[in-house]
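Here is a protein model to read through by question and answer. Each answer works towards a single value or name.

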Amino acid sequence: MSVSFQPVRGMRDLIGDEAQVFTTSIVKARQTAECYGFCEVITPHVEPLELLSAKSGEEIRQRMFIFKDLGGRQVALRPEFTASIARLVTTVLRNEPKPVRLFSVGTVYRYDEPQKGRYREFWQSNFELMGSARPEADAEIVLLTNNLMMSLGLEGYVFKVGHIGVIRGILSQDGVDEKTQNAVLQKMDKKDYAAALELVESKKSRAMLEGLIAIKGCNWRETVEQMQSYVADYPSAKGAVGNLGEILGLIGESADIDVKVDPAFARGLEYYTGMIFEVYVPQIDIALGGGGRYDRLIETFGGDPTPAVGCAQGIDRVAIALQSQKVSRAEKSVKKVSVIPITEALKPQALRIAQQLRFAGVAVEFEVMGRKMAKALEDADKRRVDYAVIVGERELKEGAVMLKDLASRQQSIIAVEKLVEKIKN
């Protein structure tokens with residue numbers, strides 16, 4: 001009795017064009033990292049549970065893949081990259097000159113209910129800038145994300161921006177403990193404002209949060225001005241609004257970016273301390289990426305006090321956005337060729353020609369199934385090959401092969417030494 005195996009629920013195979021979209025997104029992320037001076041690092045998929053749960057937030061802690069290894073240690077699959085990067089910065093990169101700019105890309109894991117754009121294994125590109133508390137560092141991370149969205153060909157995307165210090169500044173001044181603050185922020189992240197307000201016992205704090213939720217400006221400058229006036233009696237919150245305004249001013253002077261300020265914006269990770277953001281496209285209502293400032297995380301893991309800001313992009317969601325906007329992939333820069341020997345005896349010569357083409361940068365699929373020419377050509381068509389190089393005895397005696405353009409169906413005899421030039425041009 002045969003068994004038909006399927007991927008584990010919430011995980012999936014990527015094949016053909018779908019895999020190519022992911023590859024293209026990863027390439028663009030790497031190019032962006034290089035443009036902004038970020039160094040790529042590769043960290044383990046499995047980390048100590050204590051590390052990953054330290055400041056990730058209760059919701060993510062409950063959704064981690066946790067298990068004991070054979071040594072009895074509690075470990076987990078990484079739910080995001082930042083904790084692993086923080087570990088690096090507190091250990092092997094401890095003495096690196098600041099700022100440290102690190103890039104990583106790969107799969108992360110959360111036990112969410114699978115749905116469109118949300119899987120249990122998903123891909124992220126991740127950028128961390130560590131060592132600067134200045135607003136230009138925050139601006140760099142937003143500008144970097146904008147650069148990546150542009151390079152992917154996405155249109156109409158909008159940045160939602162806020163500052164976690166505004167909400168924490170209000171709650172802290174009114175004596176709300178950190179545990180309750182975290183719970184409030186978790187509810188606000190999900191826009192469950194009624195449940196968030198129920199957690200706040202202080203009537204003054206509750207009223208302040210209600211007012212913050214109600215602020216709606218026509219543009220980011222107007223919203224920031226309203227926020228400044230509203231939190232005038234809360235010095236810490238007022239300072240946070242000022243910091244947000246400075247960051248947005250730098251961004252506005254540097255690039256034409258569509259920015260919307262949400263005064264009640266929160267994100268699910270507990271370690272954020274300052275500016276936070278997410279980026280959306282109109283076609284889908286889930287964030288393609290986001291990030292923010294986290295100035296105390298490195299210290300939590302035993303490192304020196306190190307201000308930091310970072311972001312991550314969900315490659316699965318970017319792929320959905322590209323599909324929804326019908327963004328076409330760039331034309332293939334490498335021509336694809338099928339080399340087909342007409343007889344068994346011609347295989348060595350045909351292989352030699354295939355290798356010559358590959359050395360010249362041409363992608364070659366050699367006919368390894370022993371099929372007759374008609375069947376081999378039919379297969380090449382299905383594989384969307386550009387040209388078939390047919391190696392025949394008569395042509396080979398004259399140092400030539402038959403070259404067939406599978407799009408136009410035209411064919412001609414070409415000297416082997418001119419084959420690369422003909423294919424590429």
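**Helices, strands and rings**

Helix H5 (residues 135–152) has 18 residues and spans 26 Å from its first C-alpha to its last, close to the 26 Å expected at 1.5 Å a residue. The model is a predicted one.

Q: How many of the 18 residues of H5 are buried?
A: A residue counts as buried under 20% relative accessible area. H5 is largely enclosed by the rest of the structure, because the number of its 18 residues that are buried is 13.

Q: What is the reach of helix H9 from its first C-alpha to its last?
A: Helix H9 covers residues 203–214, which makes 12 residues. At 1.5 Å a residue, 16 Å is expected. The reach in the model is close to that, at 17 Å.

Q: Which helices are included in what covers the buried residues of H9?
A: The buried residues in H9 include Ser 205, Met 208 and Leu 209. Gly 211, Leu 212 and Ile 213 are buried in H9 as well. What covers the buried residues of H9 includes helix H6 (164–173), helix H7 (178–189), helix H8 (193–198) and helix H10 (220–230).

Q: Why is strand E7 described as largely enclosed by the rest of the structure?
A: Strand E7 takes in residues 158–163, six residues. It is described as largely enclosed because the number of them that are buried is five.

Q: Which residue in E9 is the bridge partner of Val 161?
A: E7 and strand E9 (residues 275–280) run antiparallel and are joined by six bridges. Within this pairing, the partner of Val 161 in E9 is Phe 277.

Q: Which residue in E8 stands opposite Val 161?
A: E7 also pairs with strand E8 (residues 259–261), where three bridges join strands that run parallel. In E8, the residue opposite Val 161 is Val 261.

Q: Which strands are at the edges of the five-strand open sheet?
A: The order of the sheet is E13-E12-E14-E15-E16, with mixed pairing. An edge strand pairs on one side only, and this holds for strand E13 (363–366) and strand E16 (411–415).

Q: Which residue in E13 stands opposite Val 339?
A: Strand E12 (residues 336–341) pairs with E13 in the parallel sense, over four bridges. The residue in E13 that Val 339 faces is Phe 366.

Q: At what angle does helix H14 run to E13?
A: Helix H14 (residues 347–359) lies across E12, E13, strand E14 (387–391) and strand E15 (400–405). Its angle to E13 is about 160 degrees.

Q: How many aromatic pairs are there?
A: Two rings pair if their centres lie within 6.5 Å. By this rule, the count of aromatic pairs is eight.

Q: What is the angle between the planes of Phe 65 and Tyr 109?
A: The two rings form an aromatic pair with centres 6.5 Å apart. Planes over 60 degrees apart count as edge-to-face. The pair of Phe 65 and Tyr 109 is edge-to-face, at 80 degrees.

Q: How many residues apart are Phe 65 and Tyr 109?
A: Phe 65 is in the loop between helix H3 (58–61) and strand E3 (66–68), while Tyr 109 is in strand E5 (residues 100–109). Their pair links distant parts of the chain, and the separation is 44 residues.

Q: Is Pro 79 buried or exposed?
A: Pro 79 lies in the loop between strand E4 (74–77) and helix H4 (82–90). Leaving aside neighbours within four places in sequence, its contacts include Leu 52, Ile 60, Met 64 and Tyr 109. With a relative accessible area of 0%, Pro 79 is buried.

Q: How far apart in space are Trp 123 and Arg 317, C-alpha to C-alpha?
A: Trp 123 lies in strand E6 (residues 121–130). Its relative accessible area is 28%, so Trp 123 is partly exposed. Trp 123 and Arg 317 are 194 residues apart in sequence, but their C-alpha separation in space is 9.0 Å.

Conventions
Residues numbered from 1 in each chain as written. Predicted model: local features only at pLDDT ≥ 70, side-chain atom pairs only at ≥ 80, totals over all residues. Heavy atoms only, no water. Phe/Tyr/Trp six-rings, centres within 6.5 Å; stacked < 30°, edge-to-face > 60°. Helix = DSSP H or I, 4+ residues; strand = E, 2+ residues; numbered from the N terminus. Pairing = 2+ DSSP bridges. Contact = heavy atoms within 4.5 Å. Axes fitted to C-alpha atoms, helices over the stretch in contact; angles between N-to-C directions. Expected span 1.5 Å × (residues − 1). Buried < 20%, exposed > 50% of the residue type's maximum accessible area, 1.4 Å probe, protein only.
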